[in-house]
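Hello,

Below is the structure I said I would pass on. My notes on one part of it follow.

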Amino acid sequence: METKEMTVKEYLSQAKFLDQRINSKIQQVAALNDLATKATSTLTGMPRNPNHATSSMEDVIAKIIDLQAEINNDIDTLVDLKRSLSKTIKAVDSPEYQTVLEKRYLCFQSWEQIAVEMGYDLRWLYRIHGKALEEVKAILGIE
């Protein structure tokens with residue numbers, strides 16, 4: 001989260017990318033749960049090597065637990081990051097600029113969604129966004 005070496009957009013977009021990684025890990029946990037369910041159903045038949053099946057199940061469960069711990073850590077990081085981004089956005093003078101930045105970088109809304117909700121033309125929204133980024137740049141001391 002070193003702001004001196006990143007652009008304003010990169011700084012503000014960190015939360016979205018972290019949120020996407022969390023969602024990816026949640027999908028991975030779901031896939032592992034499905035695998036564990038399938039493994040459990042095959043255990044009800046005549047096992048050829050009970051130790052191998054138990055070991056595979058333990059591996060899957062360990063992976064699920066590890067991923068869930070990663071997800072929890074990522075969620076904690078995301079909450080802290082959003083708090084930091086929110087503080088930066090609140091330092092912007094214009095409530096209009098703040099709203100655009102919040103909708104884009106904290107709520108992850110598309111430009112079209114923001115334009116409709118705020119009643120703006122897309123080109124006007126981009127102009128406002130550019131001005132808002134300039135203010136954030138000044139707040140963060142990014143050149």
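**Helix packing around H4**

H3 passes H4 in a right-handed crossing, meaning that the near helix is turned clockwise from the far one by less than a right angle. Helices are DSSP runs (H or I, at least four residues), numbered from the N terminus. This is a predicted model: local features need pLDDT of at least 70, side-chain atom pairs count only at pLDDT 80 or more, and totals for chains, interfaces and linings use all residues. Residues are numbered from 1 along each chain as its sequence is written, and side-chain values use heavy atoms, with hydrogens and water left out.

The contact (heavy atoms within 4.5 Å) involves Glu-96, Thr-99, Val-100, Lys-103 and Arg-104 of H3 and Trp-111, Ile-114, Glu-117 and Met-118 of H4.

The axes of H3 (residues 95–105) and H5 (residues 122–140) come within 9 Å and cross at roughly 95°; they are lines fitted to C-alpha atoms over the stretch in contact, with angles from 0 to 180 degrees between N-to-C directions. H3 is therefore roughly perpendicular to H5 (65 to 115 degrees). Residues of H3 that meet H5 include Tyr-97, Leu-101 and Tyr-105.

In H4, Trp-111, Ile-114 and Ala-115 are the buried residues (under 20% relative accessible area, 1.4 Å probe, protein chains only). They cover an arc of only 100° around the axis, so they lie on the same side of H4; the arc is that of the directions from the helix axis to the C-beta atoms. These buried residues pack against H3 and H5. Just after H4, Gly-119 has a positive phi of about 70°.

Regards

How values were computed
Helix = DSSP H or I, 4+ residues; strand = E, 2+ residues; numbered from the N terminus. Parallel < 35°, antiparallel > 145°, perpendicular 65-115°, else oblique. Buried < 20%, exposed > 50% of the residue type's maximum accessible area, 1.4 Å probe, protein only.
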